Amino acid sequence: MAFVENQGARIYWDEQGQGKPLLLIMGLAYSSHMWYRTRPLLASRYRTLALDNRGIGQSDVPPGPYPIALMASDAAAVLDAAGIERAHLFGVSMGGMIAQEFALQYPKRVRSLILGCTAAGGPTAVRAEPEAIQMLMAREKMSPEQAAEAAVPFIYDRATPRERIDEDIAIRRPWFPISEGYTAQLQGILAWESYSRLSEIAAPTLVIHGESDRLVPPGNAKLIAERIPGAKLAMIPHASHLFLTDQPEVSHRAILQFLNEQAGSAGSDAGSEKEKVSC
């Protein structure tokens, strides 16, 4: 574990495993501990680095808002602190937005890109249903436990066992956000867009998304995959926003297949390859 100072905040990060570096970037109001289902598998093959975005976990909570570009610079500072020039990037939800911005701001530092359950922002984004948006806006007035429970119908598939959901909440509980950090991250999301710039991303890219995602509708994944040259699209059946919890085995298979392809080739194939991963 370590900390790095960047633009007015102390950012927490740690690393596990050996091999090519892989930077993990979590979503809105989630600490890096939420990689717990996936990180052990990745760390058995890669040198994984994970950070707490500013506003959550062990990182500082400076005054907001936190623009996505600022949080991308936090990620770059973590790579600098680890002595890493280039890394694979895997971001989910807001972390996927940060990963997109990182690839646009620091293209030479990206080996490949995995964008999970995320969107490109702006007027072309597929909007969530009104109930989901209302839930996001109302969370800062709820207790942390109430906020976690209110999100459940929008981020988990109906078939996911409640015990698995409770495992996630237990991991999150010591690191529930304070309202200032949550609001500052959410403001960054609402002010950001990458859609107009996605064609500039040259890194091999996997876009992965749950088919039943009610928080970030799956149409957003298709928009991103169509805009990034050569991007691959993996839609996960019976999975919602937290697809790594809903369908861990299927998701891990798609992720490892993509990373293995990068190890075996100098770049991605021309054209856009779309696929549906079945359970």
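Ser93 sits in the loop that joins β5 (87-92) to α3; helices (H or I, at least four residues) and strands (E, at least two) are DSSP runs, numbered from the N terminus. The model is predicted, so local features need pLDDT of at least 70, side-chain atom pairs count only at pLDDT 80 or more, and totals for chains, interfaces and linings use all residues. Residues are numbered from 1 along each chain as its sequence is written, and side-chain values use heavy atoms, with hydrogens and water left out.

Ser93 has a phi near 55°, a positive value in a residue other than glycine. With 15% relative accessibility, Ser93 counts as buried; buried means under 20% relative accessible area, exposed over 50%, and partly exposed in between (1.4 Å probe, protein chains only). His238, in the loop between β8 (232-236) and α9, also has a positive phi near 55° and is not glycine. A cis peptide bond runs from Gly64 to Pro65, with omega near 0°. Pro65 belongs to the loop between β4 (47-51) and α2.

Asn220 is part of helix α8 (residues 219-227) and counts as buried because its relative accessibility is 2%. Leaving aside residues up to four places away in sequence, Asn220 touches Thr118, Ala119, Ala125 and Val126, where contact means heavy atoms within 4.5 Å. Glu211, in the loop between β7 (205-210) and α8, counts as partly exposed at 33% relative accessibility.

**Contact of α2 with α3**

The axes of helix α2 (residues 68-82) and helix α3 (residues 94-105) come within 8 Å and cross at roughly 75°. Axes are lines fitted to C-alpha atoms, for helices over the stretch in contact, and angles run from 0 to 180 degrees between N-to-C directions. On the α2 side the contact is made by Ile68, Ala69, Met71, Ala72, Ala75, Ala76 and Leu79, and on the α3 side by Met94, Met97, Ile98, Glu101 and Phe102.

**Cavity and pocket**

On a 1 Å grid over the protein atoms alone, a cavity is a set of points where a 1.4 Å probe fits but cannot get out; a pocket is an open set with protein on both sides within 12 Å along at least five of seven lines, and lining residues have an atom within 4 Å of a point. Grid points are joined across faces, edges and corners, and a volume is the space filled by probe spheres set on the points. A search of the whole structure finds one cavity of 30 Å³ or more.

| Space | Volume | Lining |
|---|---|---|
| Largest cavity | about 120 Å³ | 14 residues |
| Largest pocket | about 610 Å³ | 34 residues |

Met26, Met34, Leu242, Leu244 and Thr245 lie nearest the centre of the cavity. Helix α9 (residues 243-246) gives the most to the cavity lining, with three residues. For the largest pocket, the residues closest to the centre are Met97, Leu136, Ile189, Leu215 and Val216. Elements giving two or more residues to the pocket lining are α3, α4 (130-138), α5 (144-155) and α7 (179-190).
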